[in-house]
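Morning, everyone. Please have the sequence and the model open.

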Amino acid sequence: MKIGILGGSFNPVHIGHVRMAIEVQERLSLDRVELVPAKRPPHKEGTDILPFELRLELISRAIADVPGLGSNPLEGARPGPSFTCDTLHCYKTEQPESELFFLLGASTFLELDKWRRGLEIPEMASLVVVNRWEAAAKVAEFIADRWPKAEEDVEGTWFFPQGHAVRLVNIPRLDIKGGHVRRRWRERRSLRFLVPPGVEAFLEERADEVAAHWGERK
C-alpha cells in the first residue's frame, strides 16, 4: 500500500493543506494520504495552539467525503514533542509492508538539516516536495550538497541507495497561513474558501473553546 503522510500543527487545517494532499494523491497514484496532526509541534511552541483533540476533529470535518484522504491520531498517544523521525518510525513499525511518502513544502525541505535527524528522513520514506517554482534550483543544490550519492533519474526526481526518492511536484499555489485564518476568525471575518465548510462551522460551534486559545473575538 502506498501511503502519503502530511504532518503539521493544523491550527487550523485549511484549504491549502487539503488541496496539497489531493494533488499529491492523484499525481503519484497513492492509495491514501493521511493528515497527521502533531500533539506538540516542536517548532511552534505557544499558547494559541488548539488542543490535539480539537485539531484532529477539524481534520475529520475537513476531509469528510474526500476520497483518498484520511487522518491518523498516532501522535496523540506519544509523549514529548512530535518529531518527524519518530512519526515515520511509528509508521514503519505499525505498517511495515506500506510504502511511505512524506509530503512537505520546498521551503520546509530546505530546512531539513535543522530538524532532529532530518538528513536521515530519506532513509525512512520517500519525500514529496511540493515545489514553489522559484525553489527548484535550490532543492537540487541542497540534495547535491547533503546527499551526494543521490542520483537524479528524471528531471525533478532523485533516487537514494536505500530505494527511496525525493520527487518535486508542482501544484496550484494557495498561499494560506494558519495565522491569517486565526486573525480573521478573531475579527469575525469570513473564512469562506480559506477553510473547508465543515471547519468553518465547527469553529463557530465551539467558539468559546477556540477563543480560549486563539483569543477573544472582536
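Start with Arg217 and Glu204: their side chains meet in a salt bridge, 3.0 Å from N to O. A salt bridge here is a side-chain nitrogen of Lys or Arg within 4 Å of a carboxyl oxygen of Asp or Glu. This pair links distant parts of the chain, 13 residues apart: Arg217 is in the segment after helix 8 (207–214), and Glu204 is in helix 7 (residues 197–205). Helices (H or I, at least four residues) and strands (E, at least two) are DSSP runs, numbered from the N terminus.

A word on sources. This is a predicted model, where local features need pLDDT of at least 70 and side-chain atom pairs count only at pLDDT 80 or more, while totals for chains, interfaces and linings use all residues. Residues are numbered from 1 along each chain as its sequence is written, and side-chain values use heavy atoms, leaving out hydrogens and water.

Is Arg217 buried or exposed? Buried, because its relative accessible area is 18%. Buried means under 20%, exposed over 50%, and partly exposed in between (1.4 Å probe, protein chains only). Glu204 has 43%, so Glu204 is partly exposed.

Next pair. Arg146 and Asp113 form a salt bridge too, at 2.8 Å, N to O. Arg146 sits in helix 5, Asp113 in the loop between helix 4 (106–109) and strand 5, 33 residues apart. Arg146 is partly exposed at 32%; Asp113 is partly exposed at 34%.

Now Arg78 and Glu75. Their closest N and O atoms are 2.8 Å apart. Arg78 is buried at 17%, and Glu75 is buried at 2%.

How many salt bridges are there by this rule? The count is 14.
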